[in-house]
Amino acid sequence: NLRPLMGYLLVEPVAAETKTASGLYLPETAQEKPAGQGVVVAIGDAIVVNGQTYMAPVNVNDKIVYKKWGGDEVKIGGVEYKLVKFEDVMGVFE
């Protein structure tokens, strides 16, 4: 078990789409790196900046979109996760 520290989320990334809307499959070399998507697995404590407290903008099990190059990869029990900063989260799927 990994508990993220202040200001971080542990996210299980969702695989990028390799098929176009018209049904064509793209080789990995032709794919542009999309914004990251994943499911929040764990949340670190709130972060304090200049006396202001910032809580996590999401909850566990939320599916989120985070910045294209955001997050640091970590492998736990054979599963790859990302540690993503609160500020790198761009949206939540409803």
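**View 1. Asn59 in the loop between strands S4 and S5.** In this predicted model, Asn59 lies in the loop that runs between strand S4 (52–54) and strand S5 (63–66), where strands (E, at least two residues) are DSSP runs numbered from the N terminus. Asn59 is exposed, its relative accessible area being 51%; exposed means over 50% relative accessible area, buried under 20% and partly exposed in between, with a 1.4 Å probe and protein chains only. Leaving out residues up to four places away in sequence, Asn59 touches Val40 and Ile43, contact meaning heavy atoms within 4.5 Å.

Residues are numbered from 1 along each chain as its sequence is written, and side-chain values use heavy atoms, with hydrogens and water left out. Because the model is predicted, local features need pLDDT of at least 70 and side-chain atom pairs count only at pLDDT 80 or more, whereas totals for chains, interfaces and linings use all residues.

View 2. With a relative accessibility of 81%, Asn50 counts as exposed. Asn61 is exposed, with a relative accessible area of 62%.

**View 3. The largest nonpolar core, with 9 residues.** Its members are Leu9, Val11, Val40, Val58, Ile64, Tyr66, Val84, Phe86 and Val89, a nonpolar core being a set of buried Ala, Val, Leu, Ile, Met, Phe, Trp, Tyr and Cys residues joined through side-chain atoms within 4.5 Å. Strand S1 (8–13) and S5 each supply at least two residues of this core. Phe86, one of the core residues, touches, among others beyond four places in sequence, Leu9, Ile43, Ile47, Tyr54 and Pro57.

**View 4. Antiparallel pairing of S2 with S1 and with S5.** S1 and strand S2 (residues 36–43) pair in the antiparallel sense over 5 bridges, two strands being paired if DSSP finds at least two bridges between them. Within this pairing, Val11 has Val40 of S2 as its bridge partner. S2 and S5 also run antiparallel and are joined by 4 bridges; here Val39 stands opposite Lys63 in S5, and Gly36 has Tyr66 in S5 as its bridge partner. Lys63 lies over the face of Phe93, at 5.0 Å from the ring centre, where a charge sits over a ring if NZ of Lys or CZ of Arg is within 6 Å of the ring centre and within 35 degrees of the ring normal.

View 5. Apart from neighbours within four places in sequence, Asp88 is in contact with Val65, Tyr66, Lys67, Gly70 and Gly71.
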